[in-house]
Amino acid sequence: MVPAHEGWAGRRAGPPASEPVYRPLLAGRRGEFEALRHLDPSTAALVSPVIVLSTVDRSTLDALGRLPAGLVPAVDLRAVPHTPEAEPARWGVPVVPVVGLAEGDHRLVAHGAAARSSAQRAVVRLPADRSWTGPDAATAGLERVCRLTGLLPEQFDLLVDAGDVCCPADVRLAESRVRRLLEWARRHPWRSATVASGGMPPAG
């Protein structure tokens with residue numbers, strides 16, 4: 001498959017045949033929703049997009065509602081203020097919430113409600129950059145996420161975000177950071193683990 005928006009793409013390691021194998025990170029633009037909407041059923045079953053939303057309005061909810069049956073996207077709402085309108089459980093559309101370890105208490109509770117009302121799972125998105133504070137802090141953060149969402153570790157898909165990787169030096173730096181984070185991740189019974197990275201080629 002061709003990498004998605006701005007070169008971002010995720011790959012799961014060794015998924016069961018019935019599980020999605022492509023997890024693109026998308027910016028929630030109209031063209032991206034249209035592309036997803038036109039996937040045939042066999043392809044849609046293999047795709048589990050993570051849609052990063054900057055706003056939640058009627059057109060966004062309509063676009064989510066028109067996605068193919070069986071394609072349940074994950075939605076990342078970190079750029080959207082936490083209001084009742086930004087709580088996915090209220091949308092009437094099945095989605096998988098994306099959470100961070102430093103997410104606020106109220107949003108984690110709301111994301112837990114959304115997960116339990118639809119797909120029974122959520123995505124934990126972790127940046128593999130210098131904000132990584134070590135295994136002990138990460139474990140404490142995961143325990144807090146589980147407590148506030150009411151979900152078990154095995155109900156979480158782990159998404160390790162390596163950021164932009166645009167040259168060999170970036171690859172070397174990202175690889176060491178990702179390996180360190182995945183070493184921690186092996187301590188926990190994740191539903192799946194995906195590493196995402198991306199970069200645009202030089203213009204011209």
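In this structure, helix H1 (30-37) has three residues to look for first: Glu32, Phe33 and Leu36 are its buried residues, where buried means under 20% relative accessible area and exposed over 50%, with partly exposed in between (1.4 Å probe, protein chains only). Seen down the axis of H1, these residues fall within an arc of 100°, so they line one face of the helix; the arc is that of the directions from the helix axis to the C-beta atoms. Please keep in mind that this is a predicted model, in which local features need pLDDT of at least 70 and side-chain atom pairs count only at pLDDT 80 or more, while totals for chains, interfaces and linings use all residues. Residues are numbered from 1 along each chain as its sequence is written, and side-chain values use heavy atoms, leaving out hydrogens and water.

- Helices (H or I, at least four residues) and strands (E, at least two) are DSSP runs, numbered from the N terminus.
- On the face of H1 turned away from its buried side, you will find the exposed residues Arg30 and Gly31.
- The cover over the buried residues of H1 includes strand E2 (25-26), E3 and H3.
- Helix H3 (residues 58-65) has Thr60, Leu61, Ala63 and Leu64 as its buried residues. They cover an arc of only 160° around the axis, which puts them on the same side of H3.
- Those buried residues of H3 pack against H1, strand E3 (50-52) and strand E4 (74-76).

**Where H4 meets H5**

- Helix H4 (residues 105-117) and helix H5 (residues 135-149) pack at an angle of about 60°, and their axes are 7 Å apart. Axes are lines fitted to C-alpha atoms, for helices over the stretch in contact, and angles run from 0 to 180 degrees between N-to-C directions.
- H4 and H5 are therefore oblique to each other, since angles under 35 degrees count as roughly parallel, over 145 as roughly antiparallel, 65 to 115 as roughly perpendicular and the rest as oblique.
- From H4, the contact (heavy atoms within 4.5 Å) is made by Asp105, Leu108, Val109, Gly112 and Arg116, and from H5 by Arg144, Val145, Leu148 and Thr149.

**A glycine in a loop**

- Gly100 sits in the loop between strand E5 (96-99) and H4.
- With 11% relative accessibility, Gly100 counts as buried.
- Setting aside neighbours within four places in sequence, Gly100 is in contact with Leu108, Arg125 and Val145.
- Gly100 and Gly141 lie 41 residues apart in sequence and 8.7 Å apart in space, C-alpha to C-alpha.
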